[in-house]
Amino acid sequence: DKWCMCVRLAPSGQNLNYNKMKTYSIEYLRIRKNIMKERISKIFEEHSNIIRSVSENFADDIIEVSELIVDAYKKNKKVLIAGNGGSASDAQHIATELVNKLAKKSKALSAIALTADSAVVTAWANDEGFVKIFERQIEAHGNKGDVFIAITTSGNSENLIHAVNKANERDLVTIGLLGRNGGKLKGLCKHEIIVPGNHVARIQEAHEVIYHIICELVEEEFL
């Protein structure tokens, strides 16, 4: 790779001895580093822009969702969370912050990530199909007044659509943490926050900021 760049940088027809090759190799590394720094700067700029957009457009929604969760906990209800892939990790992250703590030691709050029980998930996926793995757990654990948070960057996850429909049927408070244009889930949840943009990583980063804020606001009510 470095040798190819040396050849491209060298003047046409010039023979490369060791010292010249070393010079061009250093130049290649300098150029490559500058390109990488420009890319990193662009990523940070994209991140900042999307976080700013969420702050400007969804602060009221974040407050509303936080208050809904607080109200549920005051009524001895629980929070269920689900997602796929990186959003599955987010589901477990949220449950961890609520059950344990985010910033301050507060009352233990009941939260279950429907992604965490591998035996339940794989058994039902194997026997009945992957699209019903969360719906089944909503049927098992979800009761009227509980909160269900569905996390998806596309809004098109079939298993989450089934889960939200089941949660609405059982009169849970449904919250969608979505991305892009909201996808097929748009309008199905009783409350939704749709992070704009098409870059999955940037949407996931915004989701994390949002649910950290929600968890922090909820935690403060139970110190």
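Figure 1. Read along the sequence, the elements of the protein chain follow the pattern α-α-β-α-β-α-α-β-α-β-β-α, which comprises seven helices and five strands. The model shown here, as in the views that follow, is a predicted one. Of the 223 residues of the protein chain, 39% count as buried. Among contacts in the protein chain with a separation of 6 or more, 66% are made by residues 24 or more positions apart.

**Figure 2. The open sheet of five strands.** The strands are arranged in the order S2-S1-S3-S4-S5, and their pairing is parallel. Strand S2 (111-113) and strand S5 (191-195) stand at the edges with a single partner strand each, so one side of each is left without a neighbour in the sheet. On average, and with direction ignored, neighbouring strands of this sheet are turned by 15° against each other. Strands of a sheet pair through backbone hydrogen bonds, in either a parallel or an antiparallel sense. Strand S1 (residues 79-83) pairs with S2 in the parallel sense over three bridges, and within this part of the sheet valine 79 stands opposite alanine 111 in S2. H3 lies across S1, S2 and strand S3 (147-151), and its direction runs at about 160° to S1. H6 also packs on the sheet, where it touches S1, S3 and strand S4 (173-179), and the direction of H6 makes about 165° with that of S3.

**Figure 3. Strand S4 and its pairing with S3.** S3 and S4 run parallel and are joined by five bridges, with isoleucine 149 standing opposite isoleucine 175 in S4. Seven of the seven residues of S4 are buried, so this strand is largely enclosed by the rest of the structure. In a regular strand the side chains alternate between the two faces of the sheet. Both faces of S4 are covered, with Val173, Ile175, Leu177 and Gly179 buried on one side and Thr174, Gly176 and Leu178 buried on the other.

**Figure 4. Serine 87 in helix H3.** Serine 87 lies in helix H3 (residues 86-99), and with a relative accessible area of 4% this residue is buried, because values under 20% count as such. When its neighbours within four places in sequence are left aside, serine 87 is in contact with Ile151, Thr152, Thr153 and Gln204.

**Figure 5. Packing of helix H5 against helix H6.** Two packed helices are described by the angle between their axes and the distance between the axes. Helix H5 (residues 133-141) and helix H6 (residues 158-169) pack at an angle of about 20°, and their axes are 7 Å apart. That angle makes H5 roughly parallel to H6, because angles under 35 degrees are classed in this way. The crossing in which H5 passes H6 is right-handed. From H5, the residues Ile133, Phe134, Glu135, Ile138 and Glu139 meet Asn159, Leu160, His162, Ala163, Lys166 and Ala167 in H6. The residues of this contact of H5 with H6 divide into six nonpolar, two polar and three charged.

Figure 6. The buried residues of H5 are Ile133, Phe134, Glu135, Gln137 and Ile138.

Notes: Residues are numbered from 1 along each chain as its sequence is written. This is a predicted model: local features need pLDDT of at least 70, side-chain atom pairs count only at pLDDT 80 or more; totals for chains, interfaces and linings use all residues. Side-chain values use heavy atoms; hydrogens and water are left out. Axes are lines fitted to C-alpha atoms, for helices over the stretch in contact, and angles run from 0 to 180 degrees between N-to-C directions. Helices (H or I, at least four residues) and strands (E, at least two) are DSSP runs, numbered from the N terminus. Angles under 35 degrees count as roughly parallel, over 145 as roughly antiparallel, 65 to 115 as roughly perpendicular and the rest as oblique. A crossing is left-handed if the near helix is turned anticlockwise from the far one by less than a right angle, and right-handed if clockwise. Contact means heavy atoms within 4.5 Å. Ala, Val, Leu, Ile, Met, Phe, Trp, Tyr, Cys and Pro count as nonpolar, Asp, Glu, Lys and Arg as charged, and the others, Gly among them, as polar. Buried means under 20% relative accessible area, exposed over 50%, partly exposed in between (1.4 Å probe, protein chains only). Two strands pair if DSSP finds at least two bridges between them.
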